[in-house]
Amino acid sequence: MSHQIILPRVMHIGKGASERVADTVKGLNCRNPLLVTDKVMVELGYSAAIVNILETAGITVDVFSDTVPEPTVASISRGVDAFNTQPYDCIIALGGGSPIDSAKAIAILGKHGGQMKDYKFPRVVDEAGIPIIAIPTTAGTGSEVTRFTIITDEDTTEKMLCVGLGFMPTAALVDYTLTQSLPARVTADTGIDALTHAIEAFVSRKANLYSDAQALSAMALIAPNLRTVFVDTSNDAAKESMMLGATLAGIAFSNASVALVHGMSRPIGAAFHVPHGLSNAMLLPAVTAFSIPSAPVRYAQCARAMGIATQGDSDDMANQKLINELKMLNADLQVPTPADFGIDKEAFLALASTMAEQALASGSPSNNPRVPTIEEMVAIYVSLWE
């Protein structure tokens with residue numbers, strides 16, 4: 001059977017790619033962009049640098065910098081209000097996954113109206129929004145090359161998964177030099193997020209030869225460099241590998257979907273305000289151990305691609321090494337347990353069934369090699385406290 005592969009129309013990858021922003025705007029026949037970013041990008045001077053490049057090229061740009069981490073319905077509404085003040089013809093999204101995800105939602109709501117919940121999965125949003133030029137500043141979410149956005153409904157605490165061609169950026173400018181000022185904690189969390197994308201894309205029931213190639217390449221780039229960038233944020237070679245790996249992982253899961261880790265991770269983030277990459281990291285070892293019996297060959301290939309198992313290792317040996325590595329990686333990257341993060345155990349366990357139901361409703365668990373029941377997801381949540 002054939003598989004539909006969706007990518008940005010334009011991609012620039014490597015040092016200085018972000019400096020192509022004015023050329024990209026003009027190449028899309030746009031003249032009036034809105035820059036969507038966050039306060040951190042403003043404080044670091046990154047947004048000013050983009051504005052300067054555009055204005056030097058004769059392009060006037062306005063800035064909306066009120067996006068928030070883990071974007072919400074309310075934060076998106078503010079962005080749509082800002083978008084509607086002028087006849088903007090494209091959006092430049094600058095930042096990590098949250099500003100880029102915010103820009104995707106603003107582009108759809110700004111053009112088509114309605115409420116964010118109108119666009120959540122299982123609806124597939126194939127209507128085109130306003131063109132988006134995504135400039136990522138973290139090596140993690142891969143949002144610059146995906147057809148997904150995640151927006152939290154504050155009323156229900158649900159992290160709504162929104163899917164479709166309408167959320168795919170038109171252009172992606174992937175410049176690893178923009179990650180050089182990231183704190184070690186953010187570097188680790190976004191890096192584990194990217195690794196999770198690659199692993200889940202490879203074991204997904206929707207995997208295909210194209211997504212497999214991207215996922216394996218991503219694992220080979222990310223796994224050997226994740227610890228390095230955590231302890232040495234100035235290592236350019238490792239940063240470049242991480243950035244490309246994150247983009248390839250994004251391409252992989254955008255075309256194969258994520259699975260159980262992401263399905264269970266989103267409710268933790270929504271209910272307890274845990275950064276997305278961190279909640280992925282908390283779950284990854286346990287979910288991998290749960291899933292391996294249904295895809296032992298696939299997971300063994302992950303271990304070999306990551307460089308922690310050899311071709312001479314049996315699949316069982318490779319999979320044991322994989323589980324051990326994921327646990328060691330969390331220890332080395334100082335990933336907190338839910339208790340260490342400050343989550344109240346009784347509150348967490350009381351919400352476990354609701355979180356499992358939300359995870360199942362997102363659709364992601366059904367892509368897992370071993371599709372869990374609600375009770376099995378609850379057991380995995382409980383195991384995070386053992």
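Which residues line the largest cavity? I will answer that in a moment, after a word on the model.

This is a predicted model, in which local features need pLDDT of at least 70 and side-chain atom pairs count only at pLDDT 80 or more, while totals for chains, interfaces and linings use all residues. Residues are numbered from 1 along each chain as its sequence is written, and side-chain values use heavy atoms, with hydrogens and water left out.

Now the cavities. Rolling a probe the size of a water molecule over the atoms shows where empty space is left. Here a cavity is a set of points, on a 1 Å grid over the protein atoms alone, where a 1.4 Å probe fits but cannot get out; a pocket is an open set with protein on both sides within 12 Å along at least five of seven lines; lining residues have an atom within 4 Å of a point. Grid points are joined across faces, edges and corners, and a volume is the space filled by probe spheres set on the points.

By this rule there are 2 cavities of 30 Å³ or more. The largest cavity has a volume of about 60 Å³. Its lining consists of Ala139, Thr179, Leu182, Thr187, Thr190, Val229, Lys239 and Met242. Helices (H or I, at least four residues) and strands (E, at least two) are DSSP runs, numbered from the N terminus. By class, the lining of the largest cavity has 4 nonpolar, 3 polar and 1 charged residues. For the classes, Ala, Val, Leu, Ile, Met, Phe, Trp, Tyr, Cys and Pro count as nonpolar, Asp, Glu, Lys and Arg as charged, and the others, Gly among them, as polar.

The second largest cavity holds about 40 Å³. Among the residues around it are Ile199, Glu200 and Val203, as well as Tyr299 and Asn368. H6 and H11 are the elements that give two or more residues to this lining, and H11 gives the most, with 4 residues.

Two packed helices are described by the angle between their axes and the distance between the axes. Axes are lines fitted to C-alpha atoms, for helices over the stretch in contact, and angles run from 0 to 180 degrees between N-to-C directions. Helix H6 (residues 184-203) packs with helix H12 (residues 296-305) at an angle of about 145°, and their axes are 9 Å apart. On the H6 side the contact (heavy atoms within 4.5 Å) is made by Ile199, Phe202 and Val203, and on the H12 side by Arg298, Tyr299, Gln301 and Cys302. That contact has 5 nonpolar, 1 polar and 1 charged residues. Ile199, Val203 and Tyr299 also line the second largest cavity.

H11 comes up again in a pocket. The second largest pocket has a volume of about 350 Å³. It is lined by 17 residues, and the closest to its centre are Met282, Pro285, Asn330, Thr337 and Leu384. Helix H11 (276-291), helix H13 (315-332) and helix H14 (338-341) give two or more residues to the lining. H11 has the largest share, 5 residues.

Next, the sheet. Strands of a sheet pair through backbone hydrogen bonds, either parallel or antiparallel. This model has an open sheet of 6 strands in the order S1-S8-S5-S4-S2-S3, with parallel pairing; two strands pair if DSSP finds at least two bridges between them. Strand S1 (10-13) and strand S3 (62-64) are at the edges with a single partner strand each, so one side of each has no neighbour in the sheet. Strand S2 (residues 33-36) is joined to strand S4 (residues 90-95) by 4 bridges, and Pro33 stands opposite Cys90 in S4. Helix H3 (residues 46-56) lies across S2, S3, S4 and strand S5 (132-136), at about 145° to S4.

Last, two backbone details. The peptide bond from Phe121 to Pro122 is cis, with omega near 20°. Pro122 is in the loop between helix H5 (97-112) and S5. Asn29, in the loop between helix H1 (21-27) and S2, has phi near 60°, a positive value in a residue other than glycine.
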